[in-house]
Amino acid sequence: MDAARAAEARPIDVNAVEAIVRRLATRGEAPWLHGEVAGRMAARLAFIRRRPVRIVDWWSTLGASAAALERACPGARRFAVEPPAVLHARPSTRVPWWRRVKRDAGVAPLDEGGEVPGGLDLVWANMMLPAVADPPALFARWHGLLAPEGFVMFSALGPGTLRELRAVYAAAGWGPPAAEFVDMHDYGDMLLHAGFSDPVMDQETIVLRWQSPEALLLELRALGGNAHPSRAQALRTPRWRARLLAALESLRAADGRLGLSFEVAYGHAFKGAPRARAGAPTTVPLDDMRALLRRRSSTSTGHR
């Protein structure tokens, strides 16, 4: 799929995303699944020869990657980039600069909408792409921030995520329970379109299980929310919630627990070293050109 078409093909309500991010930021901790994926993604750094020393952790708070990056890249200079909703929702991110320096000299919190330092070795983004309406534009921005031979590494939810819940909603005629997720192959195409080279994509499916429908819904709320533009706009009634709890019972497996699948896609790609432009013009001073012509004329006369 063309990168521009891939962005247009993914309907998402950006206002709903902002509200979800703001709500998650007030919880004081990132979703459990994000921390788990951060550890799995950090393990992949061992297979990359280049040791990053300047790192941007994109959407650091909700990505839950600080500890994993510290272990994988000790001593690296890290910048924590946050969406405005996180910066505004958490007073702890707005402490005076001298307290920030004292608290963690290795991390500088930055507003996603402002200036972000360039010349980076690594742009790291854990589980934030599902909230992005225009991934190709973000990939292009990351490409511009990286130094030559720097690389991007990210994780995201794929289209197999919540497939069981989507089936429950479809059977009841309730519409989509979540925004559509981008296929990892489309992410690979977007990386190439943004100028990256050697993109590598892979995926795994993580199945989470709960004892009750109530516990399942509580965990889903901690993970995010429904940002699909076609979702129900009005508040759901207690009667509808009772119907949902009953419908979720169909997800019980042989062990008696309810399960949902989360397809996690991992990707990384490099920014190639700059190449000399083919056919670049060569400038020769006029006096040098005249001297060259005189020498050629003299040589030609002597051989007649």
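**Notebook: contacts, salt bridges and helices in a predicted model**

I started with E82. Setting aside neighbours within four places in sequence, E82 is in contact (heavy atoms within 4.5 Å) with W59, S60, T61, L87, L110, D111 and E112. This is a predicted model, so I kept to its limits: local features need pLDDT of at least 70, side-chain atom pairs count only at pLDDT 80 or more, and totals for chains, interfaces and linings use all residues. Residues are numbered from 1 along each chain as its sequence is written, and side-chain values use heavy atoms, with hydrogens and water left out.

**E82, continued**

I looked up where E82 sits. E82 is in strand β2, residues 77–82. Strands here are DSSP runs of E, at least two residues, and helices are runs of H or I, at least four, both numbered from the N terminus. Is E82 buried or exposed? E82 is buried, at a relative accessible area of 4%. For that call I used under 20% for buried, over 50% for exposed and partly exposed in between, with a 1.4 Å probe and protein chains only. I then checked for a polar partner. A polar atom of the E82 side chain lies 3.5 Å from the backbone nitrogen of S60. S60 is also among the contacts of E82.

**Whole chain**

I noted the totals next. The protein chain has 13 helices and seven strands. Of its 304 residues, 45% are buried. I also looked at contacts between residues at least 6 apart in sequence: 83% of these join residues at least 24 apart.

**Salt bridges**

How many salt bridges does a search of the whole structure find? The search finds 12. The cut-off is a side-chain nitrogen of Lys or Arg within 4 Å of a carboxyl oxygen of Asp or Glu. Side chains of opposite charge can pair when their charged atoms come close.

I went through some of them.

- E70 pairs with R78, N to O at 3.3 Å. E70 is partly exposed at 38%, while R78 is buried at 9%.
- R163 pairs with E164 at 3.7 Å, N to O. R163 is exposed at 52%, while E164 is buried at 15%.
- E29 pairs with R27, with the closest N and O atoms 3.8 Å apart. E29 is exposed at 52%, and R27 is partly exposed at 35%.
- E36, R40 and E204 are linked in a network of salt bridges.

**S261 and E164**

I followed E164 to S261. The side chains of S261 and E164 are joined by a polar contact of 2.5 Å. A polar contact is a pair of N or O atoms within 3.5 Å; within protein, one must be able to donate a hydrogen and the other to accept it, and residues adjacent in sequence count only if both atoms are side-chain atoms. S261 lies in strand β7, residues 258–270. S261 is buried, at 3% relative accessibility. Leaving aside neighbours within four places, the contacts of S261 include R163, E164, T205 and V207.

**Helix α2**

I checked the span of helix α2, residues 14–25. At 1.5 Å a residue, its 12 residues should span 16 Å, and the end C-alpha atoms are 16 Å apart, which agrees. The expected span is 1.5 Å times one less than the number of residues. The buried residues in α2 are A16, V17, I20, V21, L24 and A25. What do the buried residues of α2 pack against? They pack against α4 (60–63), α6 (84–89) and α11 (213–223). At the start of α2, a side-chain oxygen of D13 comes within 3.0 Å of the backbone nitrogen of N15.

**Helix α3**

I ran the span check on α3, residues 32–43. The 12 residues should span 16 Å at 1.5 Å a residue; the end C-alpha atoms are 17 Å apart, which agrees. L33, H34, V37, A38, M41 and A42 are buried in α3. Seen down the axis, these buried residues fall within an arc of 165°, so they line one face of the helix. The arc is that of the directions from the helix axis to the C-beta atoms.

**P74**

I closed with a loop residue. P74 lies between α5 (66–72) and β2. P74 is exposed, at 60% relative accessible area.
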